[in-house]
Amino acid sequence: MDAHLLQWLNLALRWGHLITGIAWIGTSFYFIWLNFRLAPPARPEAGVNGELWAVHGGGFYRVVRYAVAPERLPPTLHWFKWEAYATWVTGFALLGLIYYVQADAYLLPPARPLLSTGAAVAVGIGSLVAAWFGYDALCRSPLARRPGGFALVGLVLVAGLAWALNQVLNPRAAYIHVGAALGTIMAGNVFRVIIPVQKAMVAALSRGEAPDPTAARAGAQRSLHNNYLTLPVLFVMVSNHYPATYGHPWGWAVLAGVALVGAATRHWFNRHHQGRRGAWLLAASVLGLLALAVATAPGRGPGPAALGPAEPAALFREARVVIVRRCAPCHSAAPTIAGLSAPAAGVALDTPAEIRAQAARIYAVAVAAETMPLGNVTGMTAEERVLLGRWIAAGAGLR
C-alpha cells in the first residue's frame, strides 16, 4: 500500500476511534454519575425510586429512574450501544492496519522474533478472544459476588497477559494488545450482556410482564466494570508515546501498576459522586504514579569520571555514526525513507545538539525497548545498541 495513503487511512481510523470513544466514555461516565446522584423523588410516583434535577445549556432537566421499569413503554426509547460498537470496530481496524498489515515493523520484536508473522497475528487476535471468555467466566462464577477479590484476580490476570505477550511481541504491541483485550471486554459486555438484558426487559413489558430484576442487576454490574476499565484503556491508548513505560524491562508490571492507579482514580470519582470522602484514595493514586516514575527511571551507570576523561568524546563520535546510519534516515530534516517528507514524530537528529536533546528518548526506544528503528529497517545491530547505551550512561557528552 502507498505510504502516503497508509498515513491518511491511519489518521481516518484513529480519528474515528477517538470520536466514537469519546461518545462511549462520555455516556458511561454520565450514567454512572447519574446513578450516584439520584435522590428519592420529592413527590412519590409509582415505580420511581430516584430523580435528579439539572441545568445545562440554558435549560432545566428532570431525570427519573424506575426501580425496574415503567408500567408501559413510551413511543420512543433511546438506546446507547452504537458508540460502543463503533469504538471497537474502528479500534480493531486500526489494530489490524498498524500491527497486522505492518507486522514486521510494529508487531514483531526487531532483534529477536520468536514467531512467524502469521503466528504473531494469531497470538494477538487470540489474546482478545481469550480475554473475553476468561472475564465472562469470572463474572459467572461465585467470585463475582466479591468485588474486592474479583478486582484483585482481574489485576493479576491483566499483569499475566501483559507479561505473556511481552515474551513474544514487540513491547509496544504487547501493551496495545492488552488495551485491546480490555476494550474487547468492554464492548463484549455491551453486546453480550447489557443490550440483551435491556431487550429482554423491553420484550417483557411489551407482553405485559414484569422484567427480571436479576438480569437487570447483571447488566448494571457489567456497566460498572466498564466504568473501572475506562482509565486503564485510555492509558494504553497514549502509552505508545512514552517508551519509558512499555520499554522498561518490567514493562508488564508498569502496565499493571498504572492500571491499578487508573482504577483507583475512577473509584475516587465514584465515591465523590456519592458524596463520600476519599481524599486518601486520590493521594494514593498520585503517589502510586510518582512511585512508578521513580521505579522506571533509567540507571545512570558509570559517570564520565569512571570512564576516563577521553571516553565520553570517543563514545559520542562512535554513537553519532550509528545514529546517522540507523536513525537519521527517518529522523532528519530531509528523511531518506520512502513515504516521509518531514522528520518522523517531529524528531530530527541532524546536529550534535539535536542528538543530545533526544538522548533519553534514544535510550528508551533503541536501547531499552529495541522498538526503533521500526522493524529494524536500517539494520541496527545489538552491538550498536550497546554502544548507544554506553554513550548515554557516560552522560551523553558531545565532546
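This is a predicted model: local features need pLDDT of at least 70, side-chain atom pairs count only at pLDDT 80 or more; totals for chains, interfaces and linings use all residues.

Q: How many bridges join β1 to β2?
A: Two strands pair if DSSP finds at least two bridges between them; helices (H or I, at least four residues) and strands (E, at least two) are DSSP runs, numbered from the N terminus. Here eight bridges join β1 (residues 48–56) to β2 (residues 59–66), and the strands run antiparallel.

Q: Which residue in the hairpin of β1 and β2 takes a positive phi?
A: Glycine 57 does, with phi near 60 degrees; the hairpin has two residues between the strands.

Q: Now the helices. At what angle do α9 and α10 cross?
A: Axes are lines fitted to C-alpha atoms, for helices over the stretch in contact, and angles run from 0 to 180 degrees between N-to-C directions. The axes of α9 (residues 251–273) and α10 (residues 279–295) cross at roughly 160 degrees and come within 9 Å. Angles under 35 degrees count as roughly parallel, over 145 as roughly antiparallel, 65 to 115 as roughly perpendicular and the rest as oblique. α9 and α10 are therefore roughly antiparallel to each other.

Q: Is the crossing of α9 and α10 left-handed or right-handed?
A: A crossing is left-handed if the near helix is turned anticlockwise from the far one by less than a right angle, and right-handed if clockwise. α9 passes α10 in a left-handed crossing. Contact means heavy atoms within 4.5 Å; among the residues making it are Val254, Val261 and Trp268 of α9 and Trp280, Leu281 and Leu292 of α10. By class (Ala, Val, Leu, Ile, Met, Phe, Trp, Tyr, Cys and Pro nonpolar; Asp, Glu, Lys and Arg charged; the others, Gly among them, polar), this contact of α9 with α10 has eleven nonpolar, five polar and one charged residues.

Q: Which way does α7 pass α9?
A: In a right-handed crossing. The axes of α7 (residues 213–239) and α9 come within 8 Å and cross at roughly 135 degrees. That makes α7 oblique to α9. The residues that meet include Tyr228 and Phe235 in α7, and Leu255 and Arg266 in α9. The contact of α7 with α9 divides into ten nonpolar, five polar and one charged.

Q: And how does α1 pack with α7?
A: α1 (residues 3–37) packs with α7 at about 145 degrees, their axes 10 Å apart, in a left-handed crossing. Trp24 and Phe29 in α1 are among the residues that meet α7.

How values were computed
Residues are numbered from 1 along each chain as its sequence is written. Side-chain values use heavy atoms; hydrogens and water are left out.
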